[in-house]
Amino acid sequence: MFDSIIVGGGCAGLTAAIYLIRAGWRPVVYEAAVTGGQIAVSAEVENYPGFVKISGPELAGKIADQARELGVEIRYEPVTALEVREGENSVITPSGIEHGRTLILALGAVRRKLSCPGEDRLTGAGVSYCATCDGAFFKGKKVLVVGGGNTALEDALFLSNVASDVFLVHRRDRFTADRILTQAVTARSNIALLLDSEVTEILGETAVSAARIQNRITGETRQLDVSGVFIAVGLIPQNGIAEGQLPLDSRGYFDAGEDCATSTAGVFVAGDCRRKPLRQILTAASDGAVAGWAAAGWLNEH
């Protein structure tokens with residue numbers, strides 16, 4: 001039996017493992033794909049302390065290397081099911097069943113996509129799902145934001161301080177965002193609203209050069225010359241394996257606060273999979289530190 005099973009090898013999960021092993025406990029990390037999570041698919045990172053600029057894969061590799069050098073065992077296989085129980089948690093993988101005294105779920109969330117031509121091909125080359133991560137790369141350029149909720153409008157306001165022009169595209173005739181954000185976006189002189197519209201194609205050879213927009217009412221299509229397309233149409237938390245065992249909020253996120261504790265003693269959640277106002281590499285690391293420290297504390301007591 002491991003002292004702690006950590007499901008998810010992103011920044012939150014690896015940080016939790018680092019804190020646990022430094023506290024003298026034996027964790028194991030399960031990762032279904034590649035360590036680093038969202039970092040591993042980020043072209044460049046400029047907002048993580050200590051690095052003026054670093055590629056996402058390089059930063060992900062440094063965090064994973066640090067965990068390995070400390071002795072953390074990382075197993076590259078998916079967890080297909082789990083059983084949450086105080087003091088003895090179980091995870092099921094293609095290799096069998098493993099048990100842990102504590103459990104940390106760092107399952108992450110994936111960005112909801114538009115599923116239009118050009119989106120996947122140009123991700124990281126002008127297509128972004130995080131304005132606060134990548135906005136600085138588009139200083140003085142024209143960009144496009146897709147979405148109508150709080151995140152999309154916050155992204156548009158953030159980008160309007162950097163970009164020369166911001167086009168905000170929403171498929172409905174009104175925003176679902178808070179009124180104060182709607183008023184702020186409407187008042188901003190360099191934000192143009194394109195309502196009842198959707199992006200049908202993102203253009204560019206090696207980087208985004210334009211986007212095709214279609215009005216859903218008239219059918220009219222226009223092409224906008226932009227250097228960046230920021231997609232903010234929601235996140236999908238990857239918490240399905242814990243459904244029915246741990247409380248989720250109305251959007252599917254773990255209903256846990258800043259202490260990362262769940263309703264089951266010795267079970268913690270960390271990173272993008274829990275409810276929180278800001279999802280960044282830094283906040284994932286913070287969650288991982290809290291969850292790892294809390295799991296070590298539970299082990300010390302029991």
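Reply: Please keep in mind throughout that this is a predicted model. The lining of the second largest pocket divides into 14 nonpolar, six polar and seven charged residues. The pocket itself has a volume of about 660 Å³, and of the 27 residues that line it, those closest to its centre are Arg111, Thr151, Leu235, Arg251 and Arg279. Three elements each supply at least two residues of this lining, namely helix H3 (131-134), helix H4 (150-160) and strand E16 (235-237). Among the contributors, H4 provides the largest share of the lining, with six residues.

The cysteines come next. A search of the whole structure finds one disulfide, and it is formed by Cys130 and Cys133, whose sulfur atoms lie 2.2 Å apart. A disulfide is a covalent bond between the sulfur atoms of two cysteines. The torsion about the S-S bond of Cys130 and Cys133 is about 65°, and the disulfide is therefore right-handed. As for accessibility, Cys130 counts as buried because its relative accessibility, 12%, is under the 20% limit, whereas Cys133, with a relative accessible area of 25%, is partly exposed.

Other cysteines can be compared with this pair. Cys116 has its closest cysteine sulfur in Cys130, but the distance of 19 Å is too far for a bond, and Cys116 counts as buried at 10% relative accessibility. For Cys273, the closest cysteine sulfur belongs to Cys260, and at 8.7 Å this too is too far for a bond, while the relative accessible area of Cys273 is 0%, so Cys273 is buried.

In soluble globular proteins, nonpolar side chains tend to be buried together. Here the largest nonpolar core has 35 residues, of which Leu59 and Ile104 touch the most other members. Helix H1 (11-22), helix H2 (56-70) and helix H6 (281-301) each supply at least two residues of this core, and H6 gives the most, with nine residues. Ile104 deserves a separate look: leaving aside residues up to four places away in sequence, Ile104 touches Ser4, Ile5, Ile6, Val7, Ala16, Leu20, Phe268, Ala270, Ala291, Gly292 and Ala295.

Methods: Residues numbered from 1 in each chain as written. Predicted model: local features only at pLDDT ≥ 70, side-chain atom pairs only at ≥ 80, totals over all residues. Heavy atoms only, no water. 1 Å grid on protein atoms, 1.4 Å probe; cavity = no way out; pocket = protein on both sides within 12 Å on 5 of 7 lines; lining within 4 Å. Points joined across faces, edges and corners; volume = space filled by probe spheres on them. Helix = DSSP H or I, 4+ residues; strand = E, 2+ residues; numbered from the N terminus. Nonpolar A, V, L, I, M, F, W, Y, C, P; charged D, E, K, R; others polar. Core = buried A, V, L, I, M, F, W, Y, C linked by side-chain atoms within 4.5 Å. Buried < 20%, exposed > 50% of the residue type's maximum accessible area, 1.4 Å probe, protein only. Contact = heavy atoms within 4.5 Å. Disulfide = S-S within 2.5 Å.
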